[in-house]
Amino acid sequence: MIELEDVAYSYGGGELLSEISLKLQPGSFHFLTGPSGAGKTTLLKLCYGALVPTAGTLRLFDVDLRTLDRDGIALARRRIGVVHQDCQFLDHLPVADNIALPLTVSGRDTLDEVANLRELVGWVGLKDRADALPPELSGGERQRAALARAVIMSPDVILADEPTGNVDWDMSQRLMRLLIELNRMGKTVMIATHDLALIRAAKSHVQTRVLRISNRRLQLAGADL
Amino acid sequence: MTEERGNVINWIAGDAQADRVVPPTGFTASLTLFSAATMAFLAVFALALSLATSRLADRWGEELARSSTLRISAPEGQMTEQTAAALRVLESTPGIASARVLEKEEQRALLEPWFGPDLPVDSLPIPRLIEVIEEGEGYDASGLRLRLSEEVPGAVLDDHTRWRRPLVEAADRLRLLGWLSLALIGGTMAAMITLAANAALAANSQVISVLRLVGARDSYIARAFERRFTLRALIGASGGMVLGCGAVLALPEADPAGGFLTGLGFQGWHWLWPLLVPPVAAVVAFLATRAAATRTLEAMT
C-alpha cells in the first residue's frame, strides 16, 4: 500500500530522516513513536504525499510518488485518511459539512453517502454537534470529527498524528477503540504518538508493530513496548 | 463538443456545496465588484468614442471624397468666358457626374460666418466656384489640372485631398485611441482582479491546505475561486454598463451639422455593443483568476 525504500528527507540543509524503509501491509496496525522533533510528523507527511523524499523511493499504492502529478497525488489521498494533530477544519462550515468534505471534493456527495454521513457522525458520538462550527467543539470532539472525516471515504489507510494529544485519558481510550475498530474492518492504521501508555494499552487489544525514530532512522521498538 | 458544452453548463450551474468551501471575503468581493463596475463604465465611453469617431471618419471620407471644388480667379471681363470654358472641360472629363456653378446666394452663405449676412458679393472681386461631383472611380486629377492650365488659366482645382487626409487621419487615430483605451481598460481590470484573487488565495491558504489534505484536485480548488470572481465581475460590469449607457444617453443630442462632441454616443444597432462589456469582463476575470490560482497552487506545492 505505502512503501518507503531507503527514503531520506532534508530540510533547511539538514537531514531530518535517513535510510527509512517501511512497508505498510493491508490490515496492519503501526505505532510510530520517538521524541518530539524526531520526525514523526514528517514521516507521516511523506506517507500521504504532502512531502517528497529528497532521496530513496516512495510508492503510494504501487506507484512511485515522483511519477505522480498533483492530480495523481490528490487521487491517492482519497485512499488515505489523515487525522492531523491540529485537526485542520474549515471553520466557516458546520461539523457535518467538514466531515463530508472528502465526499464533496470528490463529487461523491450523493444521497446514499449523506445517509452514511449521519451514521458516521453518530458512530463518533457527534450527532448532537453536527450543526456546530468547529471552533465551538472541545478538543475531544474535534479529534473525533477529524477521525470521522478521515474515514468517510472508506480509505485503505488511516494515518493519525498525535490523535490523542489534546484529550484526557478516557477520550484517548475512546478514540483508540474507534481506530482499532477500523483496523478490524481491514483498514491499515499508523498512529504517530509519544504517549507510551497509550501504546501499551492498545497492544492488549490489537496486534501492533511499534516503530521508533531515533537519530533520523527508523527502528523496531524494544520489548518494553 | 457535447461534453465541452456540458462542462460549460456545469460550470455555470455550479455546485452549491463546492462554492461554500471557500469562505466569502468582503474586501476582495468589494474590490472586484467596484473595479469591474468602474471599468465597464469607462469601457462604455471608450466604445462610444470609438464608434463615434468611426462614423465621423467614414462620413468625412465619403462626403469629401466624392466632391471637388474648382475656383476661377479671372479679371472681371474674362470671368464668364473662363467659367464657361471650365464647364466645358469638366463636362468632357471622364469620372465627373456633374459640375455646377455656385449661385451668388450660396457663395454669400459660405462667407456669412466671416463677413456677416449683408455682404455685397456682386461688388467684390470674389472668385467663381464650381462644385464638381464625381462618379464611378472618379477622375484623373493630374490630367484635369493639366487641361485646365492650358484652357482655363485662372482655374484652381481643389480635390479636398489636402485637408481631407489629415481630418480622416485624425478621426482614424481617435478611433484607434478608443480601441486602445478599451484594451487598457481590459488589462487594468485583469490586473485588479488578479490582485484581488491573489489576496483571496493568500487569505485562504489554510482552506487550500485542508482541501488538499482531503484529496481535492487543484482544478477543484481553482474552480471555487474562478466561479466566484467571474460572477462578481459579471455582476459589477453589468451595473457599470447600465450606468455607462445611462450617462451616454444623458449626453446632448447629435448636432445635425455634424458637430463631433455632440455626436458622441451610440446609434441604431450600435447600442448592442455595450451588452458585450459584461461577458467580456467575466471572461477577463475568469482568465485572470485562473492564472492567479494556477500560480498560487503551484507555489504552494
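**Figure 1. Strands β4(A) and β5(A) of the predicted model pair in antiparallel fashion.** Two bridges connect β4(A) to strand β5 of chain A, which covers residues 63–64. Within this pairing, R59(A) stands opposite D64(A) of β5(A). The two strands form a hairpin, with two residues between them. In the turn, F61(A) has a positive phi of about 50°.

**Figure 2. Strand β4(A) also pairs with strand β1(A).** Strand β1 of chain A spans residues 2–11, and strand β4 of chain A spans residues 55–60. Five bridges join these two strands, and they run antiparallel. One pair of bridge partners is L4(A) and L58(A), the latter in β4(A). Strands of a sheet pair through backbone hydrogen bonds, either parallel or antiparallel.

**Figure 3. Chain A and chain B are in contact.** The contact involves 18 residues of chain A and 18 residues of chain B. On the side of chain A that touches chain B, helices α2 (70–77) and α4 (101–105) of chain A each supply at least two residues. By class, the residues of this side of chain A comprise eight nonpolar, four polar and six charged.

Figure 4. Of the 301 residues in chain B, 32% are buried. Among the contacts in chain B with a separation of 6 or more, 87% are between residues 24 or more positions apart.

**Figure 5. The four strands of chain B form an open sheet.** The strand order is β2-β3-β1-β4, and the pairing is antiparallel. Strands β2 (96–101) and β4 (155–158) of chain B are the edge strands, each pairing on one side only. On average, neighbouring strands of this sheet are turned by 20° against each other, direction ignored. Strand β1 of chain B, residues 67–72, is joined to β4(B) by four bridges. One pair of bridge partners is I72(B) and A155(B), the latter in β4(B).

**Figure 6. Helices α4(B) and α6(B) pack against each other.** Helix α4 of chain B covers residues 79–91, and helix α6 of chain B covers residues 141–151. Their axes lie 10 Å apart, at an angle of about 150°. Because of this angle, α4(B) is roughly antiparallel to α6(B). The crossing of α4(B) with α6(B) is right-handed. Residues A85(B), A86(B) and V89(B) of α4(B) meet R147(B), L148(B) and E151(B) of α6(B). By class, this contact has four nonpolar and two charged residues, and no polar ones. An α-helix has 3.6 residues a turn, so residues three or four places apart point the same way.

**Figure 7. Residue E150(B) is placed in helix α6 of chain B.** E150(B) counts as exposed because it has 8 C-beta neighbours inside 10 Å, and the cut-off for an exposed residue is 12 or fewer. From C-alpha to C-alpha, E150(B) and P125(B) are 23 Å apart in space. In sequence, E150(B) and P125(B) are 25 residues apart.

**Figure 8. Helix α5(B) lies largely in the open.** Helix α5 of chain B has twelve residues, 104–115. The number of them that are buried is zero, so the helix lies largely in the open. G116(B) follows α5(B) and has a positive phi, near 85°.

Conventions: Residues are numbered from 1 along each chain as its sequence is written. Chains are lettered from A and ligands numbered from 1 in the order in which they are written. This is a predicted model: local features need pLDDT of at least 70, side-chain atom pairs count only at pLDDT 80 or more; totals for chains, interfaces and linings use all residues. Axes are lines fitted to C-alpha atoms, for helices over the stretch in contact, and angles run from 0 to 180 degrees between N-to-C directions. Angles under 35 degrees count as roughly parallel, over 145 as roughly antiparallel, 65 to 115 as roughly perpendicular and the rest as oblique. A crossing is left-handed if the near helix is turned anticlockwise from the far one by less than a right angle, and right-handed if clockwise. Two residues are in contact if their C-beta atoms, placed from the backbone, lie within 7 Å. Ala, Val, Leu, Ile, Met, Phe, Trp, Tyr, Cys and Pro count as nonpolar, Asp, Glu, Lys and Arg as charged, and the others, Gly among them, as polar. A residue is buried if 20 or more other C-beta atoms lie within 10 Å of its own, exposed if 12 or fewer, and partly exposed in between; C-beta atoms are placed from the backbone. Two strands pair if DSSP finds at least two bridges between them.
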